[in-house]
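Reader: I have the model open and a few things to ask. Can we go through it piece by piece?
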Amino acid sequence: MRKWLIVLSALCQFASVGCNKEETPSTGEKPAGSSSSAAPAKPSTGVAGDVIKVGILHSLSGTMAISETSLRDVALMTIDEINAKGGVLGKKLQAVVVDPASNWPLFAEKARELLQKENVAVVFGCWTSVSRKSVLPVFEELNGLLFYPVQYEGEESSYNVFYTGAAPNQQAIPAVEYLMSDKGGGAKRFELLGTDYVYPRTTNKILRYFLHSKGVSDDDIHEEYTPFGHNDYQTIVAGIKKFAVGKRTAVISTINGDSNVPFYKELANQGLHAQDIPVVAFSVGEEELRGIDTKPLVGHLAAWNYFMSIDTPENKTFINEWKAYVKSHNLPDGDKRVTNDPMEATYIGMHMWAQAVDQAGTTNVDAVRQAAGYQTFRSPSGFDITLDAKNHHLHKPVFIGEVQANGQFQIVWKTDGPIRAQAWSPFIPESAKKVADWTYPWVCGNCTDPKFPSSGAMAHR
């Protein structure tokens, strides 16, 4: 009898977010519910007559517009594609687009607006981790569902978020391993340069622990941060050149937004070439390079889970569909528009959500969340991508590409196939034992023991 009571209690966690009060929202210690003593918010179904409303939450102005505008555009393209095939549950999807304007508190306001005023069924959005952290309490309070499409620092797993971008072991760690290899140049010294917010600082914390595990001392690691919108990298690049004297050095860049343009221009101005000091970027792709003369940057690197240059039938279809959409909607810059990794992640996430809704037979958030786990989708990269029901992350391949003169990337290294995300880093001592597993008996995103211990349930996941 006790065993069945445990199972019933676990099912209650999944079937109704009101069965238990929520612990601290951002820690992932319990499925989302009410964050106060009031009754839990009733999740929106997003259904309004013959349409299902879908929220798009991306900056269309401000410092992050250079990166996020294309995610809005590809989301609208994907909605058109799904609608052309009959929609979801026989209903058309209708986009509700808002502009949080690269303003982190405004992200939270716009998220609340989408969930409470617009009653959307799901939200696709955010780029920076500070924007995701800003909206996370809103989604957990209101039991909304967010698909987040950009690489991030890990150290998180929320009941209300599906992470379709890379975790550090799907981007940052493989990139540094490549730089340390003979093929990657055998780097011995590392400049960790980023924008001053949670993603670069946490990623670099992980990388510092990782480098220590490989025998790299703190004397050979230098961290430096600049604010969003920073545009003067003359002193910083000169400092990198000085730091590199005496040992093979590589730069790990977590600069975000339009600051990448002056940074790469300054590399060219000071003649810092890839063969001397390679730069590997985690937030620079085809879109960010469109406005830069890339000829002086040939050989510098980026690590992603997708590049436009990938030669697969699926990618050809994706690119052709994108080009047709750009042309038919007369988007700015026309045939100069490109595809990139976060666009592919958005595309995958939207299709997986649509598949989950069709499987669940409803847009109810709790039902869709359960159906979303283990969804698979044939991605433009050519791999069958799986959404992990336990930690809410995608299994993703990893690619490292060299910048080419035409602004594209030549792939120089890749994994054999998709790898599972690590929501918590094994290199940070306080994180190494943490588990993110939203399935029974763990039912948590940040714990070291299952919520519902039973015989054989204590195996680490």
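Reader: Which side chain of opposite charge is nearest to E266, and how far away is it?
Author: That is K241, 8.1 Å away. This is a predicted model, and in it E266 is buried yet has no salt bridge.

Reader: Where is E266, and what does E266 touch?
Author: E266 sits in helix 8, residues 260–269. Leaving out residues up to four places away in sequence, E266 touches Y233, Q234 and V237.

Reader: On to salt bridges. How many are there?
Author: The count comes to 22 salt bridges. One of them joins E156 and R132, with the closest N and O atoms 2.9 Å apart.

Reader: What parts of the chain does that pair tie together?
Author: E156 is in the loop between strand 5 (146–148) and strand 6 (161–163), while R132 is in helix 4 (residues 129–142), so the pair ties together parts 24 residues apart in sequence.

Reader: Are those two buried or exposed?
Author: E156 is buried, at a relative accessible area of 1%. R132 is buried too, at 0%.

Reader: Which residues are linked with them in a network?
Author: The network of salt bridges links R132, K133, E153 and E156.

Reader: What about R208 and E223?
Author: Their side chains meet in a salt bridge, 3.0 Å from N to O. R208 belongs to helix 6 (residues 198–213) and E223 to strand 8, so parts 15 residues apart in sequence are tied together. E223 is partly exposed, with a relative accessible area of 27%.

Reader: And D388 with R420, how far apart are N and O there?
Author: 2.6 Å, in a salt bridge between the two side chains. D388 lies in the loop between strand 13 (384–386) and strand 14 (399–403), and R420 in the loop between strand 15 and strand 16 (435–437), so this pair ties together parts 32 residues apart in sequence. D388 counts as buried at 4% relative accessibility, whereas R420 is partly exposed, with a relative accessible area of 34%.

Reader: Strand 8 came up. What is the strand order in its sheet?
Author: The order is 8-7-9-10-11-14-15, an open sheet of 7 strands with mixed pairing. Strand 8 (221–226) and strand 15 (409–414) are at the edges with a single partner strand each, so one side of each has no neighbour in the sheet. The twist averages 25° from one strand to the next.

Reader: How do strands 7 and 8 pair, and what packs there?
Author: Strand 7 (residues 189–195) pairs with strand 8 in the parallel sense over 6 bridges. L193 stands opposite E224 in strand 8. Helix 7 (residues 234–243) packs on the sheet and touches strand 7, strand 8 and strand 9 (249–254). The direction of helix 7 makes about 165° with that of strand 7.

Reader: Change of topic. What do strand 2, helix 2 and strand 3 make?
Author: A right-handed β-α-β unit, with helix 2 covering residues 65–84. Strand 2 (residues 51–57) and strand 3 (residues 92–98) pair in the parallel sense over 7 bridges. K53 has Q94 in strand 3 as its bridge partner.

Reader: Last one: R337. Buried or exposed?
Author: Buried, because its relative accessibility is 6% and the cut-off is under 20%. R337 lies in the loop between helix 10 (313–328) and helix 11 (341–360).

Reader: What does R337 touch?
Author: Not counting residues up to four places away in sequence, its contacts include S70, D73, E287, R290 and W322. The C-alpha atoms of R337 and K323 are separated by 7.6 Å, with the two residues 14 apart along the chain.

Terms used
Residues are numbered from 1 along each chain as its sequence is written. This is a predicted model: local features need pLDDT of at least 70, side-chain atom pairs count only at pLDDT 80 or more; totals for chains, interfaces and linings use all residues. Side-chain values use heavy atoms; hydrogens and water are left out. Two strands pair if DSSP finds at least two bridges between them. Helices (H or I, at least four residues) and strands (E, at least two) are DSSP runs, numbered from the N terminus. A crossover is right-handed if, with the strands pointing away from the viewer, the path from the first strand over the helix to the second runs clockwise. Buried means under 20% relative accessible area, exposed over 50%, partly exposed in between (1.4 Å probe, protein chains only). Lys and Arg count as positive and Asp and Glu as negative; His and the chain ends are not counted. A salt bridge is a side-chain nitrogen of Lys or Arg within 4 Å of a carboxyl oxygen of Asp or Glu. Contact means heavy atoms within 4.5 Å. Axes are lines fitted to C-alpha atoms, for helices over the stretch in contact, and angles run from 0 to 180 degrees between N-to-C directions.
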